[in-house]
Amino acid sequence: MGRAIRIGLIVAGSLLGLVAVAVLAAWFLMPKDWIDQEARRQAARIQGSTVRWTSLKPGLSWLSLGARIEGLYVRQPAEGQGDARLEARVQEIFVSFKLLPLFARRVEVSAARVSGAGIAMTDRGVPPPAAGGAGSGAGAGLAFILPRLDFDGIDIRTRDLLGSGVDLRRIAGRAEFDGSLDRARALRVVAHCDSLYWKPSAREARVALPAPLGIDAAAEARDQGAKLQVTRGLVTLGPLRSDLSGEIRLPKGAEPELSLLLTGKPQSARSSDEAFRQLAALSPAAWNTTASWEVRIEGNATAPIQTGRLTLQPLSVTSGKNAFALDQAAASWSVNADKTFTARARAGGAGLHLELDASGSTAPGGATNGTLFVSGPATRLNGLVPDAPTWTSGDLECRASFSMRPPAPPVIHWNVKGKNLSGTVPGLARPVSRLGFEVDGDDKVASIRSMNAAVGSTTASITGAIRQGKPLGTATLQATLDKFVAEEWAPPP
C-alpha cells in the first residue's frame with residue numbers, strides 16, 4: 001500500500017511539473033508587446049467614444065495566462081463631444097488566453113473576468129448619427145468569441161431626461177457563450193444583484209425595491225440560428241420565483257424580436273420577509289398573502305409590448321386588534337410599443353372596496369391620469385397609519401382623480417365622506433361621536449362642505465375652507481356650537 005501511494009505521488013508530481021513547464025514556456029512565448037499594441041490600436045479605431053486605461057500587462061491568475069487591464073474608462077460620446085450617454089469605470093479586467101495556441105504565438109481568448117465596475121447610462125433623447133456611417137469603428141464585421149465571462153461588484157445606474165431611473169447594486173455572476181457573441185449557438189446566464197432602487201425623479205429620493213434579484217437562464221439556437229429558444233429560465237425576486245419561457249427571434253439585418261413569458265405560480269409573501277421589510281416599514285401593519293402572476297413580453301427588443309396580471313388571494317392584514325382579509329386583490333396592465341400604458345386594480349373583502357384605473361405614457365415627461373375609489377368601515381383603517389384616529393364605528397368613502405406630468409408636482413382632486421363615525425382623535429381630549437362630514441379639495445385648498453360631530457358633551461357644526469400657504473396656512477370657518485360644557489375642556493388641576 002505504501003509503495004502504491006509513493007508511485008501515485010510521483011505521478012502527480014510529474015504531471016504538476018509538466019503543467020508548470022508548459023505555463024512557464026507559454027509565459028515566455030506570449031507576445032507581450034503585441035497584446036498592448038493591438039489593444040491600443042483597436043481602441044484608437046473606435047469612433048465616437050473615449051477608451052483608456054491605467055495599465056495593460058500580461059498576468060497570471062492560478063494557472064491561467066492572460067492580460068490584466070486596470071483602471072479602464074469608457075465614455076460615449078467621446079470627451080468634448082457632448083454630455084455622456086454612457087460612462088463606465090472598471091477596476092480590473094482579466095482576459096485568459098488558451099494555453100496551446102500560445103506555443104504557436106497565437107492569442108485565443110478562453111475567458112474574461114470583470115471585477116468592480118460602475119456603469120451609468122443616461123437617456124438624452126435621440127442620439128446624433130455616428131460619424132463615418134453605420135458599421136464604422138473597431139469590430140465592424142468581426143465575430144467576437146468569448147466562451148465565458150465572470151463578473152462581480154458591478155453597479156449599474158440608469159437615468160432619463162428627468163432624472164428618474166433604476167439603480168442595481170453589487171451585480172455578480174457569469175455568462176457562457178457557445179459561438180460568437182452576436183450569433184451564439186447556445187448561452188447561459190447566472191447572475192444576481194443585492195439591491196434594487198427606483199428614483200422617481202431628480203428631486204426625489206431613491207426608493208428601495210424588493211431584492212435581491214436573480215436570474216438563471218439558458219437558451220439554444222434553433223432553426224439554423226434564426227432564433228434562441230429558452231431551455232431553462234428561473235427569475236427570483238426575494239422569496240418569489242418566476243419561470244421564464246419563450247424565444248428570441250434573430251432576423252437578419254433587423255433587431256431581435258422577443259416572445260417571452262414570465263409566470264409565477266401561487267406562492268406566499270409576507271411583510272416580515274427580508275425583501276419587503278423596507279416597504280413594510282411604511283406602515284405598522286403586518287400582512288401576508290398568496291401571490292401569482294403572468295407577464296408577457298412581445299415584439300421589438302428596443303420597444304417591446306408588455307402585458308401582465310398579478311393576483312393576491314387572499315390578502316390578510318393585521319395591526320394590533322385590527323385584523324381583516326381581502327378575498328382577492330388583482331391588478332392588470334399593458335405597455336405598448338409607443339410607451340403608452342393602461343393599468344387597473346381591484347380589491348374587495350371584509351367590507352372594503354378599492355378601484356384604481358390609470359393610463360398615460362412611460363416616456364420621460366409623459367402624462368399619467370387616473371382615478372381612485374375606496375370605501376369601507378372606518379375600523380379597517382385602525383393602526384394602518386401612525387398618529388391617525390382610532391375608530392370604533394362608522395363608514396368612510398374616498399374618491400380621487402390625479403394627473404402627473406413630471407417634473408411638475410402631481411395634481412390631485414379628492415372628495416372624502418364620513419358617516420356615523422365614533423372614536424378617538426389625536427389632539428382631542430374627548431372622544432368623538434356622531435361624526436359626519438364631506439370634504440373635497442386639492443393640494444392647495446380643502447373645502448368643508450359639511451361637518452357635524454359631538455366631542456364629549458359638546459356638539460358642533462362646521463363649514464368653510466382651509467388653504468395651504470407658506471410659511472403658514474389660513475382658514476375661513478363658520479362654526480356653530482349647540483352645546484359646550486366648559487368643565488370638560490378645563491386643564492387638569
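**Exercise 1. Is Val425 buried, partly exposed or exposed?**

*Task.* Classify Val425 by its accessible area, then find its surroundings in this predicted model.

*Solution.* 
- Step 1: Val425 sits in the loop that runs between strand 22 (411-424) and strand 23 (432-441).
- Step 2: Read the area. The relative accessible area of Val425 is 23%. Buried requires under 20% and exposed requires over 50%, so Val425 is partly exposed.
- Step 3: Look for partners. Beyond its neighbours within four places in sequence, Val425 is in contact with Pro389, Trp391 and Val432.
- Step 4: Check one partner along the chain. Trp391 and Val425 are 34 residues apart, and 8.4 Å separates their C-alpha atoms.

**Exercise 2. Explore the nonpolar cores**

*Task.* Find out which elements give two or more residues to the largest nonpolar core.

*Solution.* 
- Step 1: Start with the core itself. The largest nonpolar core holds 22 residues, and Ile69, Leu72, Val90, Ile93, Val114, Phe151 and Ile154 have the most contacts inside it.
- Step 2: Trace the elements. Two or more residues each come from strand 3 (64-76), strand 4 (86-97), strand 5 (109-122), strand 6 (148-159) and strand 8 (184-199). Strand 4 gives the largest share, 5 residues.
- Step 3: Look beyond this core. Another core of 13 residues lies apart from it, with Ala291, Leu315, Leu326 and Ala329 among its members.
- Step 4: Zoom in on one residue. Not counting residues up to four places away in sequence, Phe151 touches Val114, Ile171, Ala172, Gly173, Arg174, Ala175, Val190 and Ala191.
- Step 5: Connect this to a general idea. In soluble globular proteins, nonpolar side chains tend to be buried together.

**Exercise 3. Describe an aromatic pair**

*Task.* Count the aromatic pairs, then describe how Phe276 and Trp287 are arranged.

*Solution.* 
- Step 1: Count. There is 1 aromatic pair.
- Step 2: Describe the geometry. The ring centres of Phe276 and Trp287 lie 5.8 Å apart, with 55° between the planes. Stacked planes are under 30 degrees apart and edge-to-face planes over 60, so this pair is tilted.
- Step 3: Locate the partners. Phe276 lies in the loop between strand 13 (257-270) and helix 4 (277-280), while Trp287 lies in strand 14 (residues 286-300); the two are 11 residues apart.
- Step 4: Compare with the cut-off for burial. Phe276, at 10% relative accessibility, is buried, whereas Trp287, at 26%, is partly exposed.
- Step 5: Visit another ring. Arg206 lies over the face of Tyr197, 4.3 Å from the ring centre.

**Exercise 4. Check the cysteines and the whole chain**

*Task.* State how many disulfides there are, then summarise the protein chain.

*Solution.* 
- Step 1: Count the disulfides. The count is 0.
- Step 2: Look at two cysteines. Cys193 is buried, at 3% relative accessible area, and Cys398 is partly exposed, at 23% relative accessibility.
- Step 3: Step back. The protein chain has 5 helices and 26 strands, and 32% of its 493 residues count as buried.

Conventions. Residues are numbered from 1 along each chain as its sequence is written. This is a predicted model: local features need pLDDT of at least 70, side-chain atom pairs count only at pLDDT 80 or more; totals for chains, interfaces and linings use all residues. Side-chain values use heavy atoms; hydrogens and water are left out. A nonpolar core is a set of buried Ala, Val, Leu, Ile, Met, Phe, Trp, Tyr and Cys residues joined through side-chain atoms within 4.5 Å. Buried means under 20% relative accessible area, exposed over 50%, partly exposed in between (1.4 Å probe, protein chains only). Helices (H or I, at least four residues) and strands (E, at least two) are DSSP runs, numbered from the N terminus. Contact means heavy atoms within 4.5 Å. Rings of Phe, Tyr and Trp (its six-membered ring) pair if their centres lie within 6.5 Å; planes under 30 degrees apart count as stacked, over 60 as edge-to-face and the rest as tilted. A charge sits over a ring if NZ of Lys or CZ of Arg is within 6 Å of the ring centre and within 35 degrees of the ring normal. A disulfide is a pair of cysteine sulfur atoms within 2.5 Å.
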